[in-house]
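Good morning, and thank you for coming. Please look at the structure on the screen while I go through some of its features.

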Amino acid sequence: MIALPIIGVSAADLTLRSAELSPEQTLSRKIGAADARVSHSRLGVAVYQLPDGTSSVPVGGFEKFDGGSVPPESPQELDTSALPAGAQVVKDSVGYGKIRTKHGLLDTDLHELDTQSPLVDGMFTLDRGRLPERAGEVAATTAFLKYSGFFVGSTVTPRGATSSYKIVGAYERPNHLGKPEILAPPGTLIAPLDRALEASGGVGLRPNVTFLVKVGGEGFTWNMVKAANAKSLVVVSRAVILNPPADADVPLYQQESKEQYQLDAGSASDMAVVATVVGLAMLEICLLAGPAFAVGARRSRRQLGLVGANGGDRRHIRSIVLSGGLVIGAVSAVIGTVVGVVLTIALRPLLEDQLGVRFGGLDFRPLELAGIALLAVVTGLLSAIVPAVTASRQTVLASLTGRRGVRRANRVLPVLGLLAVAAGAMIALYGTASRMGATVVAGGSALAELGIVALTPVLVGLFGRLGRWLPLSPRLALRDAVRNRGRTAPAVAAVLAAVAGTVAVATYEHSRDLQMRHEYVADLPAGAGVLEAREHSAYREVPALRAALSKELPVAVRADFDRLVVGMPSCESFSREPGCGRVEIIKPKEQRCPLFDTPGGESAFNDEQARTLRQDWRCAENRRINQNAVVVADEKLLSVLAVTDPGSVAALKEGRAVSFDKRQVKDGRITLRVVIAQEGARTTPAFGEDPPGEDKILPVHLAPETAESWGIQLVLPPSAAKAAGLATAASGSYFTLDGTASSEQRQKIAGEIDRMGVDADMRIEAGYQGNDSLGLLALTVFAGLVTIGAAGIATGLAQADAEADLKTLAAVGAAPRVRRTLSGFQCGVVALMGVVLGSAAGILPAVGLRMVQRRELDALHQYQLGKGYVSAQEALPYVPISVPWETLAQLIVVVPLGAALLAALVTRSSGALARRTAQ
């Protein structure tokens with residue numbers, strides 16, 4: 001009981017410490033043996049950076065940065081004038097592609113690097129085979145081989161490539177064990193694939209390029225870093241990370257506050273939460289282990305009586321029992337620590353795979369492990385205090401004869417418990433309005449729970465009044481529990497603590513689930529679905545996708561839709577490729593929201609102006625976002641989307657477009673602008689500017705405001721698109737089902753998509769799907785196990801006390817089931833009392849935390865409303881507080897019933913006849 005938590009804590013300590021890498025180990029995995037890794041900031045202007053290179057901002061801040069200097073493409077080469085003369089440079093390129101595997105397509109990183117360079121030492125760990133040396137060879141991560149079904153010696157072909165590559169080795173990235181990746185020599189993988197994709201009309205690769213740099217001497221110093229920053233380069237330097245500059249020498253800290261770049265780690269509130277959790281865990285162990293020590297002391301009372309008969313006083317009795325607790329705590333500490341360490345060592349590969357990071361080595365912290373072991377010793381000692389005091393107060397005669405005597409109830413403890421409950425409730429209530437809300441609520445709830453634990457003997461006594469309405473066996477069990485509160489109260493308190501935590505988490509999670517259900521925004525009408533290709537380059541496979549959809553699913557209505565195309569059908573909407581482009585809806589000037597159409601955007605207005613404009617109909621925001629804002633389809637689409645407006649249906653049949661946004665329509669017409677990417681031009685215009693292009697003005701029908709478009713802004717019939725000279729390409733299908741799609745049918749169509757090697761997405765709207773059932777079940781099982789354990793200990797103690805009575809029952813010929821029945825009811829009574837009290841105690845922290853969240857969300861809403869970020873029509877945040885009655889019913893009914901049945905089953909129906917000692 002004491003060793004199990006120590007096993008878990010010591011194993012967790014060793015695991016977390018081993019997973020923490022030293023700065024040198026971290027640098028070795030990031031930059032190998034190089035002095036620095038240099039990358040382009042992609043801002044096109046001088047920058048300031050953090051010393052560790054994790055963040056950079058333009059000189060002057062983003063507030064003064066207009067983005068006009070951003071290069072259209074990230075530079076692929078390094079300006080060596082920013083480096084010292086004689087520096088060694090190794091180009092490191094990482095792209096993204098899809099590899100055809102035995103199962104379909106696998107998203108894979110495409111990595112090009114000169115693996116023969118000494119600068120890459122430490123970045124890879126070769127598992128088997130060798131690293132690639134020439135064109136046509138690649139090495140693959142072990143994760144890629146696992147997911148793809150390939151092996152060393154297999155041949156792989158990236159999608160769109162005209163040649164294949166042989167896998168000559170397997171390796172792993174120590175910091176990214178689960179990443180699928182293939183590695184090739186420079187210029188042999190990404191560039192040929194880029195040319196092949198562009199030649200076939202697809203979109204080329206744009207790899208992320210960085211550079212490993214070796215300068216020698218003192219390494220890449222902070223002055224070198226600042227010089228590189230002036231050329232819009234960002235540097236991760238070994239010398240700077242190992243010996244960071246003073247804050248006064250960091251220009252970024254002079255421009256912006258350092259605090260905004262620091263994580264709030266190790267704060268007082270975090271320490272308070274950790275201390276509270278550890279304290280409650282120790283309390284739970286003491287409450288569980290205390291009755292177990294009491295059982296041992298009760299069974300050894302004759303031996304303890306003999307000690308007293310031979311001259312021993314109460315100090316000796318207490319010392320004997322406390323020594324037993326100390327020995328058990330020490331043994332538990334040794335066993336728990338050793339087993340935890342051994343398990344961590346044995347399970348190291350599994351733990352590394354789970355964390356996705358190779359350990360730098362087993363990092364033993366003797367002081368931490370000793371502190372964990374000391375915790376076990378202290379816990380064992382604390383658990384034995386109450387049994388030791390109880391045993392020492394018994395007279396020698398009572399110990400030798402087995403008499404229990406009469407002991408007055410403690411009058412101070414209930415008063416302290418009542419004060420603790422009141423104080424804890426007040427603190428938790430204060431926490432709902434405090435800045436440190438969650439921490440204060442947790443502390444107050446813990447104090448209140450300790451108070452209820454102190455009140456447990458009194459509460460157990462109150463339960464005794466229910467005995468007059470119970471049948472004989474449960475009445476005897478209840479009265480026995482009440483008369484022997486010294487052994488009943490700790491067990492009830494242990495159950496109370498476990499159940500209280502479970503009920504608190506269950507209530508919080510259930511309330512949060514209701515909130516998420518309320519906030520859920522459906523993508524489509526219930527039961528409707530959509531199947532679409534994720535990449536524009538897959539337009540040729542869309543007809544096969546549609547055929548598979550109709551074949552594998554019970555489709556009632558299928559509405560095929562196309563997308564508008566500018567340039568090649570494979571062009572992405574915001575591609576910078578020459579000749580590619582997009583079609584945009586141009587709103588009339590007077591119908592645009594000034595917040596988004598004024599140079600400077602929202603920052604050009606004060607708070608009062610922003611609040612006023614937020615109420616303007618032109619500034620209303622759509623709840624749903626659909627990447628297919630403009631689709632080419634017929635009237636079947638309206639049927640799938642449950643749009644029943646006769647005018648909209650008639651308009652599509654007549655060849656007129658249908659708009660769902662009145663801001664886009666003026667005088668029954670809508671303007672579409674064909675935007676073509678220009679060399680060096682920005683893909684998105686600045687605030688208040690329209691992209692240049694050719695306009696297409698089309699007649700349009702405006703759907704009523706009550707019609708839900710599900711994120712689609714404009715439906716264009718194929719005839720209208722053709723008449724306007726707009727090219728189209730197949731994109732996907734919306735559909736409704738005749739019934740529902742079974743799991744087998746979903747798997748079949750997923751298999752067809754996988755077989756075709758198409759990156760496609762299929763979604764069927766099923767409403768909000770809660771994901772808290774498994775968590776609540778796990779919590780319920782945990783509380784049940786603790787309840788059964790604590791109640792079982794109390795039952796064992798009761799049987800030790802009632803052994804004489806049980807012998808008498810056997811001697812007078814009582815039926816064997818009497819012994820079982822009494823044992824079952826004794827266990828069930830303890831479990832029921834603990835569960836009922838714990839259920840009541842667990843509501844307080846959950847309600848407090850939800851009230852804290854409600855206050856914070858209300859304050860955020862008021863702030864956004866005051867700043868004009870949201871409109872007054874938007875509803876207040878919905879933060880419900882709801883009790884999971886089903887979970888409570890399981891705890892209150894099923895758990896005590898199960899505990900009683902289990903106790904009855906494991907109890908012997910008869911014991912050996914023995915002489916009853918006279919009392």
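This is a predicted model: local features need pLDDT of at least 70, side-chain atom pairs count only at pLDDT 80 or more; totals for chains, interfaces and linings use all residues.

**A pair of helices, and what surrounds them**

I begin with helix α10 (residues 314-346) and helix α11 (residues 348-355), whose axes come within 4 Å and cross at roughly 70 degrees. Axes here are lines fitted to C-alpha atoms, for helices over the stretch in contact, and angles run from 0 to 180 degrees between N-to-C directions. α10 and α11 are therefore roughly perpendicular to each other; angles of 65 to 115 degrees count as roughly perpendicular, those under 35 as roughly parallel, those over 145 as roughly antiparallel, and the rest as oblique.

Which residues make the contact? On α10 they are Thr344, Ile345 and Ala346, and on α11 they are Arg348, Pro349 and Leu351; contact means heavy atoms within 4.5 Å. Four of these residues are nonpolar, one is polar and one is charged. In this scheme Ala, Val, Leu, Ile, Met, Phe, Trp, Tyr, Cys and Pro count as nonpolar, Asp, Glu, Lys and Arg as charged, and the others, Gly among them, as polar.

Residues are numbered from 1 along each chain as its sequence is written, and side-chain values use heavy atoms, with hydrogens and water left out.

Helix α10 also holds serine 319. At 40% relative accessibility, serine 319 is partly exposed; buried means under 20% relative accessible area, exposed over 50%, and partly exposed in between, with a 1.4 Å probe and protein chains only. Serine 319 and serine 392 are 73 residues apart along the chain, and their C-alpha atoms are separated by 9.3 Å.

I turn now to the whole protein. It has 29 helices and 22 strands, which are DSSP runs numbered from the N terminus (helices H or I, at least four residues; strands E, at least two). Of its 919 residues, 45% are buried. Among contacts between residues at least 6 apart in sequence, 80% join residues at least 24 apart.

How many disulfides does a search of the whole structure find? The search finds one, a disulfide being a pair of cysteine sulfur atoms within 2.5 Å. Cysteine 593 is joined to cysteine 619, with an S to S distance of 1.9 Å. The pair links distant parts of the chain, 26 residues apart: cysteine 593 is in the loop between β15 (581-586) and α20 (594-597), and cysteine 619 is in the loop between α21 (607-614) and β16 (630-632). The link is right-handed, with 95 degrees about the S-S bond. Cysteine 593 is buried, at 6% relative accessible area, and cysteine 619 is buried as well, at 2%.

My last topic is backbone angles. Most residues other than glycine have a negative phi. Serine 232, however, has a positive phi near 65 degrees, and aspartate 667 has a positive phi near 55 degrees. Serine 232 is in the loop between α5 (222-229) and β12 (233-237), where serine 232 is buried at 9% relative accessible area. Aspartate 667 is in the loop between β17 (657-659) and β18 (669-676), and aspartate 667 is exposed, at 71%.
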